[in-house]
Amino acid sequence: MAIIRTIIALGAAAGMAAGPAAAQTIYIVRHMEKAGGPLSGDTGLTEAGCADAWRLKAWLEGKPVAAIYTSTTRRTEQTIWPLTQARGVPPTFYDKDRNVLTHADGTPQSGPAGTPVALTS
């Protein structure tokens with residue numbers, strides 16, 4: 001079973017402020033191509049995977065980004081890095097060991113105002 005590791009939540013700022021009834025678009029993105037095989041552990045992306053991460057950033061140009069959620073694996077962090085750098089949107093990390101969302105420093109965090117967050121295992 002494929003596990004989704006990175007979620008990019010998109011929504012117009014005005015739409016986000018309007019509350020839960022406002023339409024939102026959520027893109028769910030699996031990490032780009034990782035180095036090594038399925039049992040290779042926490043590896044980074046291949047050269048092709050890095051290029052795909054930049055293509056993802058380019059594909060999302062012109063679309064409003066309200067939040068970026070990701071696990072703490074190297075491959076997912078490298079997948080979202082071009083987007084976070086271009087947009088200045090800090091990622092919210094999912095700590096699978098504690099089943100919580102955290103800031104980069106590990107302190108617990110809730111989702112952006114008006115954005116529901118559901119974590120399942």
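**How many residues does α2 have, and what distance does the helix reach from its first C-alpha to its last?** In this predicted model, α2 has 13 residues and reaches 19 Å between those two atoms. That's close to the 18 Å expected at 1.5 Å a residue.

**View 1. Helix α2 has a buried side and a side turned away from it.** Start with the inward-looking part: G49, A53, L56 and K57 are the buried residues here. Looking down the axis of α2, you'd find them within an arc of 100°, so they line one face of the helix. Here's a handy bit of background: an α-helix has 3.6 residues a turn, so residues three or four places apart point the same way. Now check the face turned away from the buried side, where E47 and R55 are exposed.

**View 2. The largest nonpolar core is made up of 11 residues.** Its members are V29, M32, L45, A53, L56, L60, V65, I68, I80, L83 and V89. Setting aside its neighbours within four places in sequence, V89 is in contact with V65, A66, A67, I68 and T84.

**View 3. Y27 and W59 form one of the two aromatic pairs in the structure.** A pair of aromatic rings is described by the distance of the centres and the angle of the planes. For Y27 and W59, the centres are 5.1 Å apart and the planes sit at 90°, so this pair is edge-to-face. It links distant parts of the chain: Y27 belongs to strand β2 (residues 25-29) and W59 to helix α2, 32 residues apart. Both partners are partly exposed, Y27 with a relative accessible area of 24% and W59 at 46%.

**View 4. W54 and W81 pair up between two helices.** With ring centres 6.1 Å apart and planes at 75°, this pair is edge-to-face, because an angle over 60 degrees counts as such. W54 lies in α2 and W81 in α3, so the pair ties together parts that are 27 residues apart in sequence.

Notes:
Residues numbered from 1 in each chain as written. Predicted model: local features only at pLDDT ≥ 70, side-chain atom pairs only at ≥ 80, totals over all residues. Heavy atoms only, no water. Core = buried A, V, L, I, M, F, W, Y, C linked by side-chain atoms within 4.5 Å. Buried < 20%, exposed > 50% of the residue type's maximum accessible area, 1.4 Å probe, protein only. Contact = heavy atoms within 4.5 Å. Helix = DSSP H or I, 4+ residues; strand = E, 2+ residues; numbered from the N terminus. Expected span 1.5 Å × (residues − 1). Arc of directions from axis to C-beta. Phe/Tyr/Trp six-rings, centres within 6.5 Å; stacked < 30°, edge-to-face > 60°.
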